[in-house]
Amino acid sequence: MPKVLISDKMDPKAAEIFRARGVEVDEITGKTPDELKAMIGQYDGLAIRSSTKVTKEILEAATNLKVVGRAGIGVDNVDIPSASAKGVVVMNTPFGNSITTAEHAIALMFALARQLPEADASTQAGKWEKNRFMGVELTAKTLGLIGAGNIGSIVADRALGLKMKVIAYDPFLTPERAIEMGVEKMSLDDLLLRADFITLHTPLTDQTRNILSAENLAKTKKGVRIINCARGGLIDEAALKAGLESGHIGGAALDVFVEEPAKASPLFGVPNFISTPHLGASTNEAQVNVAIQVAEQMADFLVSGGVTNALNMPSLSAEEAPRLKPYMALAERLGSLVGQLSHGSLSNISIEVEGAAAELNQKPITGAVLAGLMRVHSDTVNMVNAPFLAKERGLDVREVRHEREGDYHTLVRVTVGTEAGDRSVAGTLFGNQAPRLVELFGIKVEADLAGPMLYIVNEDAPGFIGRLGTTLGEAGVNIGTFHLGRRSAGGEAVLLLSLDDDVSPELIARVRTLPGVKTAMALKF
């Protein structure tokens, strides 16, 4: 009989579900890391919330562990790479607290609009400063959503019920889905200019870190009020403080901070600032939901092998896995490549297979492409939940199987529809194992996709490669491999360079100043 340890305080329904599904369960909370290390070896599953830290050391001692289940969405307390290396599946429950988090964002919006915390403190101090607290109505105001996924869509629904106008920025939100939600889709710059209130509902990734930077905060309407119940780090806290103190920002309410627990934030004490201690998921209903969901998911995995909301494992049968594994590596890299290179909103994506790839189950290949594509914007996307997230955002996904044989014995092609037109990349397997890019935006170019890379589009002219090499050399950046493709002599050329080190934004800016350069971007695989 499988055995699970619940190491953080969790609703009793979780243990009830485990036992009902034939899983032995112990509820032992509050253990130190050393105590957990000493006992973890006897368990097949570990159910946690945010307190337990599943470190590399804990995983090394977990000789029988097969699955870690997080009752909630954030998995910052789990060493996922180490878990993957150990063959331990990591699951979360990304949708169990959506309503609760959305409601908290709405509550903070009301609190900002009517200055409720300050008015409460003043009144309880016996001041009765009725004329001091002049609020604003939410009716007819414009709410700007940064992120229109599961939680953002719930906030939009509630705001529309309050007779607000809702606008949204989300690269994966299609025009059709925006109409269905009743929101107006637009660029981030346009949203910043128009919104009376801004609320964030996006994960923290390299692309979203400081999405409300000093530069972007300066673009906002004077008096804007900002709410963040998503992740700390989405807002430049120093710039937010400066905006509040200058009066350009009318108010801000944060449930999340760059450093948590936030016990000495520079924002504390600033006028028109409201803070709560990461309460987004803190309702009885949400905690019951995530406890039930994590128990159901873990029990299904341990008893029948079912996989739901896994962050490091695709949904595959044991028979399919060996043959599909290299294809999924190729597919994920192609998805990541087109995701990093395609700017603006995406309306559709087509995944085509031909040759040997056409004989396989295409669903895992599609899932891997979508995971690579959407992981550019979200650190919780995986091959299991990527198709759901794509559908939720209204992204039209097409699978095409070609019986024909082309130039390669097997080929996977990914094409995305963007505001600038279709963008297509294609790859194959060398020796049926090694993923290799063979076409990029219609240009033949063969390249491995691994580690830090530099992508350049330039005019094909003598001397350019020398100037580029000199620029990189002066910056101390070593080139690993160099891949070049072009449409015609003297026309447009594409360069893909694999590098030994990451490229700084300053170096990218220098490369863009080289004569003939049209585009220069850092890529990461």
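## A friendly note on the chain

1. **Charges.** Let's start with a question: how far apart are the mean positions of the 53 positive and 63 negative charges of the chain? They are 3 Å apart. Here Lys and Arg count as positive and Asp and Glu as negative, while His and the chain ends are not counted. The place of a charge is taken as NZ of Lys, CZ of Arg, CG of Asp or CD of Glu.

2. **What you are looking at.** This is a predicted model, in which local features need pLDDT of at least 70, side-chain atom pairs count only at pLDDT 80 or more, and totals for chains, interfaces and linings use all residues. Residues are numbered from 1 along each chain as its sequence is written, and side-chain values use heavy atoms, with hydrogens and water left out.

3. **Overall form.** The chain has 17 helices and 22 strands; these are DSSP runs numbered from the N terminus, helices being H or I of at least four residues and strands E of at least two. Its C-alpha trace spans about 80 × 60 × 45 Å along the principal axes. For 525 residues, a compact globule would have a radius of gyration near 24 Å, and the chain agrees with its 25 Å. That radius is taken over C-alpha atoms, and the globule rule is 2.2 Å times the number of residues to the power 0.38.

4. Of the 525 residues, 52% are buried (under 20% relative accessible area; exposed is over 50%, partly exposed in between, with a 1.4 Å probe and protein chains only). The accessible surface comes to about 23,400 Å², and carbon and sulfur atoms hold 51% of that surface. Such areas come from the Shrake-Rupley method with a 1.4 Å probe, and for residues only the protein chains shown count as cover. Among contacts (heavy atoms within 4.5 Å) between residues at least 6 apart in sequence, 64% join residues at least 24 apart.

5. **Helix α12.** Take a look at residues 284-304, which form α12. An α-helix has 3.6 residues a turn, so residues three or four places apart point the same way.

6. I17 counts as buried because its relative accessible area is 16%. Between I17 and E137, 120 residues apart in sequence, the C-alpha distance is 46 Å.

7. **Helix α7 and what follows.** The 12 residues of α7 should span 16 Å at 1.5 Å a residue, in agreement with the 17 Å between its end C-alpha atoms. Its buried residues are G152, S153, I154, V155, A156 and A159, and they pack against α5, β6 (142-146), β7, α8 (175-181) and β9. After α7 comes K163, in the loop between α7 (150-161) and β7 (165-169).

8. Most residues other than glycine have a negative phi, and most peptide bonds are trans. K163 has a positive phi near 70°, and so does N309 with a value near 55°. Is each one buried or exposed? K163 is exposed, at 61% relative accessible area, whereas N309 is buried at 11%. N309 sits in the loop between α12 and α13 (321-341). The peptide bond from E260 to P261 is cis, with omega near 0°.

9. **Two loops to visit.** P261 is in the loop between β11 (249-254) and β12 (273-275), and F268 lies in the loop between β11 and β12 as well. F268 is partly exposed, at 34% relative accessibility. Not counting residues up to four places away in sequence, F268 touches F257, A262, K263, F273 and S275. T205 lies in the loop between β9 (197-200) and α10 (214-218) and is buried, with 7% relative accessible area. T205 and G233 are 28 residues apart along the chain, with their C-alpha atoms separated by 9.2 Å.

Methods: Expected span 1.5 Å × (residues − 1).
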